[in-house]
Every structure is written in structure tokens, then in C-alpha cells.
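I opened this structure to look up a few features and write them down. The entries below are my notes.

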Amino acid sequence: MIRIYNTLTKQKEEFKPLNPPVVNMYTCGVTVYDDCHIGHARSLYVFDVIRRYLKYRGYDVRFVRNITDVDDKIINRANDLKVGWLDLVEKYIAAYRKDLRSLGVADADAEPRATQNIPEMITYIQALIQKGFAYATNTGVYFSVRKFKGYGKLSGQSLDQMLEGVRKTTAESKHDPLDFALWKAAKEGEPFWESPWGKGRPGWHIECSVMSQKYLKVDTLDIHAGGRDLVFPHHENEIAQSEALTGKPFANYWIHHGLLTIEAQKMSKSLGNFITIRDVLSKYPADVLKIMYLQAHYSSPVDFSWEKMEAAKKAYESIVIVVDKLEKMNIPGKPGGLNGFRDSFVSHMDDDFNTPRALSVVFDAVHECNRLMGSGDALKDDKLSDILYSIKEMAEALGLSPGKGDIFKQKDINDKANFLSFVAAILRDERGCMITGEMSEKEQIDLAIKKRNSLRKEKKYKEADDIRKGLDAAGVILEDSKDGQTAWRRKI
Ligand SMILES: [Zn+2]
């Protein structure tokens with residue numbers, strides 16, 4: 001039984017989707033006006049983990065994540081940079097997609113863009129006007145907050161409290177300061193679409209109501225997720241719009257992740273501590289960043305630091321080394337029901353996706369492998385095989401991939417190019433031709449090691465060490481044992 005902390009009811013509740021095994025899940029996506037930073041990475045990743053885990057538990061998760069591609073921030077940035085708003089949007093959507101791939105965050109089942117759903121938003125707003133929940137003025141169309149009885153139920157605030165938080169602008173012709181824009185009339189030079197209320201564009205909140213219900217094809221979502229900073233007013237407004245229209249609950253479970261700070265400060269360009277996803281992934285594999293995130297509960301804040309990344313790297317290395325060793329021992333990784341790690345992992349993840357505890361189970365399994373490898377246990381290989389299977393299964397559910405494969409999978413492509421030309425140079429020496437293209441990475445590395453060992457026999461220590469350094473630079477670490485054998489492993 002999965003239990004989820006629901007922001008709406010302010011308690012942990014048993015998760016009961018409306019039509020199991022289907023789970024309809026929506027998360028608010030990025031506004032594309034700049035490179036994605038590591039706060040976005042956390043948001044994308046925590047919901048990827050929740051989605052993966054629900055699938056792992058047998059649910060058929062239908063996952064929609066929007067892209068906000070028209071907004072004040074986009075228009076302002078495009079004006080600052082003196083570029084067209086659409087050019088800016090296309091550039092940052094491409095960058096965002098690249099970030100998702102390098103993070104290893106799965107694509108959504110649908111990732112709709114706001115500007116490609118304008119007619120549906122207009123119809124939705126028209127229906128709200130017809131029902132008496134919205135009104136048009138010369139600056140746009142507004143939602144009458146006081147007409148919707150449940151306003152404030154998600155953020156738990158009274159109308160008076162919310163009034164204090166609302167920016168009072170005189171430029172807008174709202175009937176009440178609490179009312180919010182569903183449609184904004186276009187100002188000079190702004191992008192616009194034709195509508196019954198003249199040229200304009202949709203407000204931010206209406207996008208999510210329309211696209212979630214349209215792409216999931218339901219009035220009531222099972223899970224609506226987003227950052228804690230979106231509870232008020234964004235999610236409060238989404239509820240008001242959707243429930244005013246359908247008369248049904250908009251989402252049964254509201255999940256919010258905690259926010260990210262950088263060494264105890266808010267991340268901002270003016271403070272010079274703005275860290276993009278690309279920055280981090282140029283220094284560490286995505287899995288190390290993921291381990292760092294998993295070490296905090298999704299609902300808690302995370303304070304990013306490079307020290308934490310180093311610690312996460314060491315922790316991750318311990319998993320990779322064990323998996324690597326077991327694979328070199330030809331341990332198959334088959335389920336045997338000989339360990340309790342999976343059960344304990346599931347019990348922690350079922351408890352509101354408690355990743356810090358679930359991750360500690362993965363490390364317990366790693367320690368147990370290390371213990372078994374050095375033991376004389378008669379069932380050693382069977383037990384190791386069973387635990388290896390569990391480690392891979394748990395890692396997969398968390399979106400980690402410590403198994404074998406391309407050693408350059410998550411590293412910069414230059415490393416691979418350097419490595420290939422390095423090995424080619426050794427081989428050219430050896431055989432007078434370049435044959436690296438026909439060899440697997442493992443064969444290339446083995447050959448380089450063979451060459452190094454023969455150089456050592458010839459007492460050409462400097463040349464031999466150059467090969468070790470070259471491999472090291474390419475991400476391969478050599479380990480010499482006392483009996484003269486040389487093993488290698490991937491560097492993290
Ligand atoms: Zn939203």
C-alpha cells in the first residue's frame with residue numbers, strides 16, 4: 001500500500017487512483033526563457049522517480065508535463081536580448097530537451113506547449129464566463145475569486161491572508177484585487193492570438209487546467225505535482241478554474257517538492273551562484289547528482305554544495321565498483337528470493353517515497369556483497385546473484401544505471417574521442433594500422449593493458465606509465481594485483 005502526503009488534506013493518505021491500474025499524473029513544467037538550472041533538475045527528477053516507482057508497483061502511469069512557451073518572462077527576456085520571442089523559445093526548448101536526455105529523465109507521455117492549445121483555452125474561458133465565474137474588461141478576462149467557494153483550500157489561507165500577498169496593480173481593471181487573469185489583452189509589440197475579447201494571450205494558470213484535462217482526458221487527475229513555490233497562487237488558481245467549470249475535484253493528490261538553495265542562499269544570477277544542469281553534468285555523471293537528490297526526502301528543501309556532490313560521488317562509486325566486480329566474476333544477477341533488500345526498499349518507497357531510506361537499503365545490499373565476496377559462504381554465488389539482481393532492480397526504480405555498458409555513457413564526448421585516438425596511437429605502434437573501429441571498448445582497453453604490461457617487462461616504465469595516465473584521462477582506472485594481474489574499472 002502506497003501512502004502519499006497530500007498537500008490538499010495536509011496528511012499522509014493511502015493512494016487510491018480513480019481507475020486502477022491507470023494513474024493520471026500531471027506536473028507543471030518549465031517556462032522556457034533561459035537554461036535549466038539544478039533546481040529544475042531536482043523537480044524533473046523527483047517526479048521521474050515517483051512516476052518510475054508507481055510503474056514499478058504495477059500502475060499504468062499516464063504522465064503529462066507542460067511547457068510554458070508564452071509568458072511575461074519570455075517576452076521581457078526576448079526584448080532584453082533583442083531577439084524574437086519565438087526564436088528564444090525554440091532555442092531553450094531544444095536546450096531543455098538536451099538536458100532531459102543527459103539527466104536520463106524519461107520523456108512524458110505528452111509534453112504540450114501552451115501556444116499549441118490556445119483554441120481550447122479560449123473555449124474554457126468562454127465557459128467560465130457563461131457560468132458566471134469570469135468577466136471581461138478592456139485589459140483582459142479575469143476569474144472572480146470570491147465566487148468560488150473553495151478558494152484557499154490548497155494553501156490553507158483565508159481570503160484576507162491571500163489579499164496581503166496579492167500585488168495590487170492599478171493598470172489592470174479587476175473587480176477585486178484577488179481576481180486573476182485568464183486572458184491578457186496584448187500590449188504594443190507583444191505576441192497575440194485573436195479571441196472574442198480581442199488580441200491577446202492566455203494567463204499562466206489557465207494553461208495547466210486546460211492541458212492537464214485535455215491530454216489526460218479526465219476532469220479529475222489522480223496526481224497533480226509541482227514545486228512548493230507553486231502552491232499559491234498557481235495551483236490554487238488551477239483548482240478554482242477547473243472545479244468552477246466541471247463541479248468535480250480537480251486533483252485527488254497534490255504532491256509538492258521542497259526547494260533548492262545553493263550553500264544556504266537562494267540561487268540567482270545576480271548572486272553569481274546560478275548553476276545550470278550542463279555545469280554540473282560537465283563535472284559529474286547524472287547518477288551522482290541523482291544520488292545527492294535522493295539523499296533528501298522530496299518534500300524537504302535541498303541545499304546544494306560541491307562537498308555534497310563529492311560525498312555523493314564516493315557513495316555512488318561504491319555501487320559501481322561492486323556491480324563491476326560481480327559482472328567481472330560472471331555473477332549472472334538472477335532473482336532467487338534469498339535476500340530481504342527488495343522488501344525493505346519497497347516498504348520505504350511506499351511510505352511517501354522515502355528515498356533517503358530506500359537508498360540506504362541499496363547501500364546495505366552493496367555492503368552485503370562486499371562481505372559475501374570475501375567469505376567462504378557455500379551459497380556465495382547464488383546469494384550474490386540474487387543481491388545483484390535486487391541492486392539493479394532498485395537502481396532502475398530510482399532511475400540510476402550503475403551497470404556495465406559504454407564507459408563514456410555519461411561523460412563528455414571529448415573523453416571518448418581522446419581515448420580512441422590514444423588507443424589508436426598505441427595500436428599504430430603495435431600493428432602499424434588503425435583498427436580500433438572494429439574493436440569493442442573492452443577489447444581496446446585490454447589491448448592497451450597488454451601493451452603496458454609488455455613495456456613494463458621491457459623495463460620501459462615511463463612509456464608504460466604513459467599508457468596508465470592515458471587510460472586514466474579517458475576514464476579508466478587500472479588496479480594491479482600482487483600476482484601481476486591488472487584489472488580495470490570505470491572512473492566516475
Ligand atoms: Zn501549472
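These notes go through a sheet, a pair of helices, an aspartate and the cysteines.

**Entry 1: the model.** I noted before anything else that this is a predicted model.

**Entry 2: the sheet.** I found an open sheet of four strands, in the order S5-S6-S7-S8, with antiparallel pairing. I then asked which strands form its edges. They are S5 (134-136) and S8 (200-202), each of which pairs on one side only. I also looked up the angle between neighbouring strands of this sheet, which is 20° on average, direction ignored. As background, I wrote down that strands of a sheet pair through backbone hydrogen bonds, either parallel or antiparallel.

Entry 3: I went on to S5 and its partner S6, residues 140-143. Three bridges join the two strands in the antiparallel sense. Within this pair I located alanine 136, and found valine 141 of S6 opposite it.

**Entry 4: two helices.** I turned to H2 (residues 72-81) and H3 (residues 85-103) and asked at what angle their axes cross. The crossing is at roughly 105°, and the axes come within 9 Å. An angle of 65 to 115 degrees counts as roughly perpendicular, so H2 is roughly perpendicular to H3. I listed the residues that meet: from H2, Ile74, Arg77, Ala78 and Leu81; from H3, Trp85, Leu88, Val89 and Tyr92. Sorted by kind, the residues of this contact are seven nonpolar, no polar and one charged.

**Entry 5: aspartate 34.** I asked where aspartate 34 lies, and found it in the loop between strand S3 (22-27) and helix H1 (38-56). Is aspartate 34 buried or exposed? Its relative accessibility is 16%; the cut-off for buried is under 20%, so aspartate 34 counts as buried. I left aside its neighbours within four places in sequence and looked up its contacts, which are Arg77, Tyr92, Lys269 and Phe274. Arg77 and Tyr92 had already come up in my list for H2 and H3.

**Entry 6: the cysteines.** I asked how many disulfides there are, and the count is zero. For cysteine 36, the nearest cysteine sulfur is that of cysteine 28, 15 Å away. A disulfide needs the two sulfur atoms within 2.5 Å, so cysteine 36 is in no disulfide. I also looked up how accessible these cysteines are. Cysteine 28 is buried, with a relative accessible area of 11%. Cysteine 36 is buried as well, at 6%.

Conventions: Residues are numbered from 1 along each chain as its sequence is written. This is a predicted model: local features need pLDDT of at least 70, side-chain atom pairs count only at pLDDT 80 or more; totals for chains, interfaces and linings use all residues. Side-chain values use heavy atoms; hydrogens and water are left out. Two strands pair if DSSP finds at least two bridges between them. Axes are lines fitted to C-alpha atoms, for helices over the stretch in contact, and angles run from 0 to 180 degrees between N-to-C directions. Buried means under 20% relative accessible area, exposed over 50%, partly exposed in between (1.4 Å probe, protein chains only). Angles under 35 degrees count as roughly parallel, over 145 as roughly antiparallel, 65 to 115 as roughly perpendicular and the rest as oblique. Contact means heavy atoms within 4.5 Å. Ala, Val, Leu, Ile, Met, Phe, Trp, Tyr, Cys and Pro count as nonpolar, Asp, Glu, Lys and Arg as charged, and the others, Gly among them, as polar.
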